[in-house]
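User: I would like to learn how to read a model of this kind, feature by feature. Could we take burial as our opening topic?

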Amino acid sequence: MGSVAAGLPVFKVLYQGNLFADYFQMYLRDETHPDLPDDYTDEAITRRLAAGPYAVILHTVRNMTVPVHVEWHDRRPAPDLDAYQHVVEASFDCPSGQLVLAGLTDYDPTAPRLAVKVGPLGVRANLSGLDTLSEDGLKGNDCYLVQLWPMTEPEGVQVLKAWP
């Protein structure tokens, strides 16, 4: 399932569902590399994305189950900064061609596996609905779109649009 339009990259939906973002976090990592990034500085949390050699952690606005959508693109898609409140990119390596998608305390063996191209990957997290949280922070219409594509050169974490 994907989208094809003149001049636009083809994409495939790898995951669409809900994840429990325990401790306000979810991750994508290479299946054969269990180590996650350990960059918990205020700057990394404000960027909402921490990248390690074989994984990224996305910081959510709720410590609850949140909607997540993951897409595979054949090349880096153009960012849509008007559609999202926070947009951040990074890269990491996936030598196995299998990614694990999970909340921080999910049971790893049963977490979704996503098949991707072997090698360096670009990743963009697009966050919306960040200002819709209830007063207690338990309910909201926050959404998380993660876009992946093959990369040639590794890059650090770059915020394209920041939500205060």
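Predicted model: local features only at pLDDT ≥ 70, side-chain atom pairs only at ≥ 80, totals over all residues.

User: How many helices and strands does the chain have?

Analyst: Helices (H or I, at least four residues) and strands (E, at least two) are DSSP runs, numbered from the N terminus. Here the chain has 1 helix and 12 strands, and from the N terminus on the order is β-β-β-α-β-β-β-β-β-β-β-β-β.

User: Which residues have the most contacts inside the largest nonpolar core?

Analyst: A nonpolar core is a set of buried Ala, Val, Leu, Ile, Met, Phe, Trp, Tyr and Cys residues joined through side-chain atoms within 4.5 Å. The largest one in this model has 30 residues, and those with the most contacts inside it are Leu28, Val70, Leu99 and Leu148. Among the strands that each supply at least two residues of this core are β3 (25-30), β6 (65-73), β8 (98-103) and β11 (143-150). Taking contact as heavy atoms within 4.5 Å, and leaving aside neighbours within four places in sequence, Val70 is in contact with residues including Tyr15, Leu101, Val146 and Leu148.

User: Where does Asp22 lie, and which side chain of opposite charge is nearest to Asp22?

Analyst: For charge, Lys and Arg count as positive and Asp and Glu as negative, with His and the chain ends not counted; a salt bridge is a side-chain nitrogen of Lys or Arg within 4 Å of a carboxyl oxygen of Asp or Glu. Asp22 lies in the loop between β2 and β3, and is buried yet has no salt bridge, the nearest side chain of opposite charge being Arg62, 13 Å away. Not counting residues up to four places away in sequence, Asp22 touches Asn63, Leu104 and Thr105.

User: Is Tyr23 buried or exposed, and what is the phi of Tyr23?

Analyst: Tyr23, also found in the loop between β2 and β3, is exposed, with a relative accessible area of 54%, and the phi of Tyr23 is near 60 degrees, a positive value in a residue other than glycine. Arg48 has a positive phi too, of about 70 degrees, but counts as buried at 15% relative accessibility.

Terms used:
Residues numbered from 1 in each chain as written. Heavy atoms only, no water. Buried < 20%, exposed > 50% of the residue type's maximum accessible area, 1.4 Å probe, protein only.
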